[in-house]
Amino acid sequence: MTAVQAAATGTVAARIDDGLKIYGEGDTEVRALDGVSAQFESGRFTAIMGPSGSGKSTLLHCVAGLDVLTGGQVYIGETELGSLSDKDLTLLRREQVGFVFQAFNLIPTLTARENVLLPILISGDDHDEAWFDQVVGILGIDDRLTHRPSELSGGQQQRVAAARALVSRPAIVFADEPSGNLDSKSAAELLDFMRRAVKEFGQTIVMVTHDPVAASYADRVVFLEDGKIVDELHDPTPDTVIDRMRQFGA
Amino acid sequence: MLRTALKTVFAHKLRLLLTALSVMIGVAFIAGTFIFTDTIDRTFNDLFDDIFEGQDVIVQAEAEFDVGFSGPPPIDESVLDIVLSVPGVEVAEGSVGGFAVIYDKQGEAILPTGPPTIGGSLVEDPRLGGSGEIRSGRLPEGPSEAAIDARTAEDNDIAAGDVVKIQTPDAVTEFEIVGTLGFGESDNLAGATYAGFDLVTAQQLFGLESQFSGISVLAEEGTNPDLLRNAIAAALPEGIEAVTAADEAAAQSEALSESLGFLQTALLIFALVAVFVASFIIQNTFRIIVRQRQKELALMRAVGATGGQVVWMVVIEAIVVGLFASIVGIAFGFVIAQALTGVMAAIGFDLPSTTAPLASRTIIVGMAIGLGVTVAAAVLPAVRASRIPPVAALQDVDVRLRMSDRRRTIIGSIVLAVGIALIINGLFGDILDLGPLNELTAIGVGALMVFLAVSMLSSLIVKPFANFLGWPLPSLDNLTGTLAVQNSVRKPRRTATTASALMIGLALVAFFFILGDSIKASAGAAIEEGLRADYVVSVTGFSGGFSPALGEEIAASDEFEAVTPLRFGFWDRDGSDEFLMGIDTATVDKTIFLGASPGGIEALGRGGVLVHEDVFDEQGWVVGDAIPMGFATTGLQRVEVVGTFTENGVVQANFLVSLDFYEANFEGFGTDVDFVLAAKAAEGVSPEASRAVIDVAAAEYPNAEVRDQVEYRQSQEDQVNQLLVMFNALLVLAVVIAVFGIANTLALSIFERTREIGLLRAVGMGRRQIKRMIRWESIIVAIIGAVLGIVVGLFFGIVVTAALGAQGIDVLSIPAVQIVGLVVFGAIAGLLAAMLPARRAAKLNILEAIAYE
């Protein structure tokens, strides 16, 4: 199935067509993305892997509307991001996209509850309290809601961030090394929850990671090298990912 | 170490500029004040050098004490013959001077706002200087010709051949203008209008027939002026002195400069307030810089830098900022000086457009204050920086470098108590007697301490305060409001210091509001109580007075029952200038309720002095005491205190004498004219009728202004309002610096919160929301400053008003609307301060903000 067909059938949450991202000029020119085309189907958990400097974070930023491509198009749903104003992009991020970053996910002056509800508070809309309760319940942070981030453990902080990413029911959630700063137990809990969100609620998640174990939680792994997609793995296990990774830089 | 420090400074040019700006403004004002007053000094020096050029010796009546513009009392014409008989005298001429108002061609009086309107005789011998030189036309001759100063001629389009009216103490006469006068480089005498006549005409006009105000002497070629002075002095009768022109020029120039000295002091005080505000900004900036550079400084420690070296690094940055601010500030001083010159020109003081050169004093003081304040403000943050442990370089630890709240409370309370004690002691002087000058200094130091203490202590209340102020925000502006309140209390000390900078300016504004309102209320009450007359005729500007003929004319009309003239005079009270009023004791009871002690007015008619009750009590005098009073004409007299009075609405002096006494002891310029008239209409005369009579009479006297009771009261209020406007305009300086301070602190805080703002943007906060968040925060900080300012201002206003009870300010009035207006003003200031930082925050690149280290 081509990207165009997938979009036409409505099963693609986001896609990038012939994405080009160039930093610098002349001698210092770096092609962070060099003709990347990929699609992220709805209800699936995709991991993006690749060695340092492969362009995986750039890909995530561009698809998420945080950065702008030098060439090519990015679609979230049916919307092409290149034509959007900053205001529309902001609105799109608020309504269609959820984020989990590696660190500094939370506003220190707000309580955990306020942090979870952040996108909804920003928009000033009402939120679905039942859904909120369900999300924080599953994440096990329902007893930490009145606490400030400084009073939470690293794992709890990341779970609050994950709850925030889900609470507005976005079309797609982008996670950039979400477990990168966590101990292995907390990481496993977080990743397990992310997989459950995909399986049980049909959430679409795209995650950048360099950790084969984290990648193995995904349905599909896309491998990036030198700004190009070089391979793809379905239903990965840590071992198959490691095997594939070994081929890089060899 | 020096190179590392310098590199850091220049890597943050914007920060350097913003930090330096606050000090720069203060230094510019200090330098500007000096340059401006130097310009005035030089102008007067030049002016008097010009005036006394072509003269070697001046002969005049010996004055008991210096009376400034009034000049010495007159001497007899016969003295000229004595002077002319002294060997070595080439030329000698007598001259007279007095009050004169020139009218323009349309018949309107030309009245400069500040400077006096004067006239005098012009010398005839061209070799002799002393009364300006002819710029165009010729010297006037005879009773119908006059020459006027070139500036007045030019400004009013008066040329040789024009006929204009000139008013002198006893008459308004038409004169043909035959020439214009210059005074050296200057086209007029420091803004005064000047009309020149021939000697005989001038003597008649000023009522000084057969008399001279002084005699100008030119020595023969080769005669030493000092020796000539001695020779003349030896020949003169007692009571008449000879002085060299050089000495007289220096003395008069100095006297004038001194009388403007208050201006320098006032301007410098406002400049120092600005610098004081700036010191808060500097301290805050360095504290934030040290915090932001914590890791870097810890790394320096880790690789072997000593604590002292870290202190040094921060101090070097302060030195660079201070040097930069001082140098640029001194340069901008010329701009300030030009602006001040412009203000003076607007009120009639003609100063040369070229400012005085930079005196070394200006540079030294400007640099010392600019550099000193910057470095002093940075020392505390620098010392804190040196306490950063090397381990902070490796770990993300929040190093607590600040003083504990407990210590803060204790130290702050002590400073506050000492400050208040100094103020109270200075104002009421009950505990320690420091002398008047030291008391003023003590009050100033006390005020500084109060400001410092409030700044220290306010960090403890910032949190509840901001939460209280911000309570409507979350419901008003949901998330951005919540975040703004939270952000404003995140660093209570930072918020407290930033708010305190604004507090200082607004506290002083509030103080002046309260003091001004109290003065107005007190004056109003005093006028209501004391003024029985229907009209008050007073002198406009500083034009001396108007002819007694006006009062006589009004009194002679059927429409008026009584007219009381009051005259104004300086006298010497134990070495310092005091003033008194001469009053008509026969009519006063009908026009002014003096509140005199029984029999006081009658006794005053027979001689002696009536003393205001407050002074009387303060001095512990009793009726019958003879107090020493020094008069320019008659020297030291012992005058009997014949009673007391309480009025202070119309009689604005603490000493009253009778007109007879006045005339016996005052002679010369400005003493043969009435200063104020209190006129009571006759029974049954309608206000319209009496007004018509008094207006017609006064129309002949251009510098006499008629006011009824309501207008008189209004005029007193207007005077206070004018001062208020002036003070508040000068305080704008301090407020502007504080606004820069809020902007700078916000910018630095936003820099610290880059990631947070990036995250907010990433999860969907719009640029406008970011801006709103920053603006709300700024407004909260500014309002905290405004409220603190109002509290401190209320305190100052109330205690100072209480202390001035003896000076007739016995009503405390707090202008609620203006005070509340200050809060609104504070909010607007906060909004303005947030403009640039908010824009910067909104433009933040999301990717850079959320990028990992």
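At what angle do the axes of helix H25 and helix H26 of chain B cross, and within what distance do they come? The legends below begin with that pair. The model is predicted: local features need pLDDT of at least 70, side-chain atom pairs count only at pLDDT 80 or more, and totals for chains, interfaces and linings use all residues. Residues are numbered from 1 along each chain as its sequence is written, while chains are lettered from A and ligands numbered from 1 in the order in which they are written.

**Figure 1. Helices H25 and H26 of chain B.** Helices (H or I, at least four residues) and strands (E, at least two) are DSSP runs, numbered from the N terminus. The axes of H25 (residues 767–803) and H26 (residues 816–842) of chain B come within 7 Å and cross at roughly 145°. Axes are lines fitted to C-alpha atoms, for helices over the stretch in contact, and angles run from 0 to 180 degrees between N-to-C directions. The crossing of H25(B) past H26(B) is right-handed; a crossing is right-handed if the near helix is turned clockwise from the far one by less than a right angle, and left-handed if anticlockwise. In the contact of H25(B) with H26(B), 22 residues are nonpolar, five polar and three charged. Here Ala, Val, Leu, Ile, Met, Phe, Trp, Tyr, Cys and Pro count as nonpolar, Asp, Glu, Lys and Arg as charged, and the others, Gly among them, as polar.

**Figure 2. The contact between chain B and chain A.** On chain B, 21 residues are in contact with 21 residues of chain A; two residues are in contact if their C-beta atoms, placed from the backbone, lie within 7 Å. Helix H15 (478–488), helix H24 (754–762), H25 and helix H27 (846–850) of chain B each give two or more residues to the side that touches chain A. That side of chain B consists of eleven nonpolar, six polar and four charged residues.

**Figure 3. Chain B as a whole.** Chain B has 27 helices and 23 strands, and its C-alpha trace spans about 100 × 70 × 55 Å along the principal axes. Of its 853 residues, 52% count as buried, a residue being buried if 20 or more other C-beta atoms lie within 10 Å of its own, exposed if 12 or fewer, and partly exposed in between, with C-beta atoms placed from the backbone. The domain assignment gives domain 1 (97–207), domain 2 (457–530 + 715–853) and domain 3 (544–702) of chain B; such bounds come from an automatic or database domain assignment. The centres of domain 1 and domain 2 of chain B, taken over C-alpha atoms, are separated by 54 Å.

**Figure 4. A four-stranded open sheet in chain B.** The strands follow the order E3-E13-E1-E14 (chain B), with antiparallel pairing; two strands pair if DSSP finds at least two bridges between them. Strand E3 (89–95) and strand E14 (240–244) of chain B each have a single partner strand, so one side of each edge strand lacks a neighbour in the sheet. From one strand to the next the twist averages 20°. Five bridges link strand E1 (residues 57–61) of chain B to E14(B) in the antiparallel sense, and B:Val59 has B:Ala242 of E14(B) as its bridge partner. Helix H6 (residues 225–235) of chain B lies across E1, strand E13 (214–219) and E14 of chain B, at about 175° to E14(B). Helix H7 (residues 245–259) of chain B also packs on the sheet, where it touches E1 and E14 of chain B, and its direction makes about 90° with that of E14(B).

Figure 5. Strand E17 (residues 576–583) of chain B pairs with E21(B) in the parallel sense over three bridges, in which B:Gly582 is partnered by B:Val657. Strand E18 (residues 609–612) of chain B runs antiparallel to E21(B) and is joined to it by two bridges; B:Leu610 stands opposite B:Leu656.

**Figure 6. The surroundings of A:Gly72.** A:Gly72 belongs to strand E4 (residues 71–76) of chain A. Because A:Gly72 has 17 C-beta neighbours inside 10 Å, this residue counts as partly exposed. Not counting residues up to four places away in sequence, A:Gly72 touches A:Ile16, A:Asp17, A:Asp18, A:Gly19 and A:Leu20. A:Ile16 is 56 residues apart from A:Gly72 along the chain, and 7.5 Å separate their C-alpha atoms.
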